[in-house]
Amino acid sequence: MKEVIVAPDLKNTKIIVSPIPTAGPNQVLIKVVVSGSNPKDWKYPLYKNTPHNSGDDIAGVVEKLGANVHGLQVGDRVAAFHEMGAPYGSFAEYAVAYDYCTFLIPDSVSFEEAATLPLAALTGGYGLFDILGLPTPWRPATEDIPLLIYGASTSVGVLSIQLAKLAGIHPIIGVAGKSKQVALDAGADVVVDYRETDDVPAAIRSHLKSGQVLKYAWDCVSEKGSVENVAASLDRVPGAKISLILPELFDKEKLAHYNIDIDVEMVGVAHGKDPARRDFAWVFFQQLSKWLYEGKYKGHKYVVAEGGLAGVGKALADLKAFKVSGYKNVFRIADTPDL
């Protein structure tokens, strides 16, 4: 098969020929139809200084089953979250994923749309329900719970807004820039444009009604002053909490002066040693599949990058250069030249 090896500097990213992988226990081999992309796809090779196939968002058809696979069959249309840093990622003709991070997609959902979901949707699930401990869609809120989502037009932000809406959380106050309409379309009650104010926290708090307390924030940016703006926006009350998305910026000692509970969401725990986190991923993805079949949830806006696998390097370079906003690049494997 052909697969892409993403270089730390992105300049030496290349397509190579590799053996088709074998699915191990509790794994499925998926014939990839479309691969999604995420910022971590260029960050992980850079920070780890390790060239590898860094794609983690898979959409395709189950080709083979490993031992002890639960709830999946050969021929199923699926999306899956590949284990970060492991071999056989999604930038390839075939990829491997664990069954607890693989879920069925209906015929009404295209592979392109499905490829925008796995990593970002699960990130939102962990951030909102595991880290912040907010009401869930299966036990929704019964009273107003203001929620701040910073980076509301990012893929994680957009998919998190949908999750919060399903959980009955209200009002949802987003912060975004030129792509703020994407967040509004996803269901945010209001979006503060950080470019239009010199006082972002004041602009955020202006959308709270009398008596409403802002205790929860999901920071989907976690850099360039976002943490400071988020912390300044929250009420200093018992239970106030911020969830961050970037572990490399998480330093409890440096953040202690905010006097707010701050934690970091790491979606990689889905493949970690804690069985409870793996079970969370399995349950979450089964529920996500159900919402897709019911038409209650949808993927992020996407653009199909030119050249299939041959377009991965440029697309990741654009992502690194902040040229991608309000959408995800996805790669149709069949568009790869000379495939």
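## A parallel sheet

Let's start with two strands: β12 (residues 241-244) and β13 run parallel and are joined by 4 bridges. Strands here, like helices, are DSSP runs numbered from the N terminus (E with at least two residues for strands, H or I with at least four for helices), and two strands count as paired if DSSP finds at least two bridges between them. Within this pair, Ile242 stands opposite Ile262 of β13.

A quick word on the source: this is a predicted model, where local features need pLDDT of at least 70 and side-chain atom pairs count only at pLDDT 80 or more, while totals for chains, interfaces and linings use all residues. Residues are numbered from 1 along each chain as its sequence is written, and side-chain values use heavy atoms, with hydrogens and water left out.

Now zoom out: β12 and β13 belong to an open sheet of 6 strands with parallel pairing, in the order β10-β9-β8-β11-β12-β13. Which strands stand at the edges? They are β10 (190-193) and β13 (261-264); each has a single partner strand, so one side of each has no neighbour in the sheet. From one strand to the next, the twist averages 20°.

## Helices across the sheet

Helix α3 lies across β8 (147-150), β11 (216-219), β12 and β13, and runs at about 155° to β11. Helix α4 (residues 155-166) lies across β8, β9 (172-176) and β11, at about 165° to β8. For these angles, axes are lines fitted to C-alpha atoms (for helices, over the stretch in contact), and angles run from 0 to 180 degrees between N-to-C directions.

## Where α3 meets α9

Two packed helices are described by the angle between their axes and the distance between the axes. For α3 (residues 118-131) and α9 (residues 275-294), the axes come within 10 Å and cross at roughly 115°. On the α3 side, the contact (heavy atoms within 4.5 Å) includes Pro118, Leu122 and Phe129; on the α9 side, Phe280, Phe284 and Leu288 are among the residues taking part.

## Two nonpolar cores

Leu122 turns up again in the largest nonpolar core, which has 58 residues. Such a core is a set of buried Ala, Val, Leu, Ile, Met, Phe, Trp, Tyr and Cys residues joined through side-chain atoms within 4.5 Å; buried means under 20% relative accessible area, exposed over 50%, and partly exposed in between (1.4 Å probe, protein chains only). Leu122, Leu128, Leu147 and Tyr297 have the most contacts inside this core. Apart from it lies another core, of 25 residues, among them Val4, Leu10, Ala80 and Val312.

Phe331 sits in strand β15 (residues 328-332). Is Phe331 buried or exposed? It is buried, with a relative accessible area of 0%. Phe331 and Val33 are 298 residues apart along the chain, yet their C-alpha atoms are separated by 8.4 Å. Beyond its neighbours within four places in sequence, Phe331 has contacts including Val33, Phe91 and Val312.

Gly89, in the loop between β5 and β6 (94-98), is also buried, at 0% relative accessibility. Leaving aside neighbours within four places in sequence, Gly89 touches Asn53, Gly55, His82, Tyr94 and Ala95.
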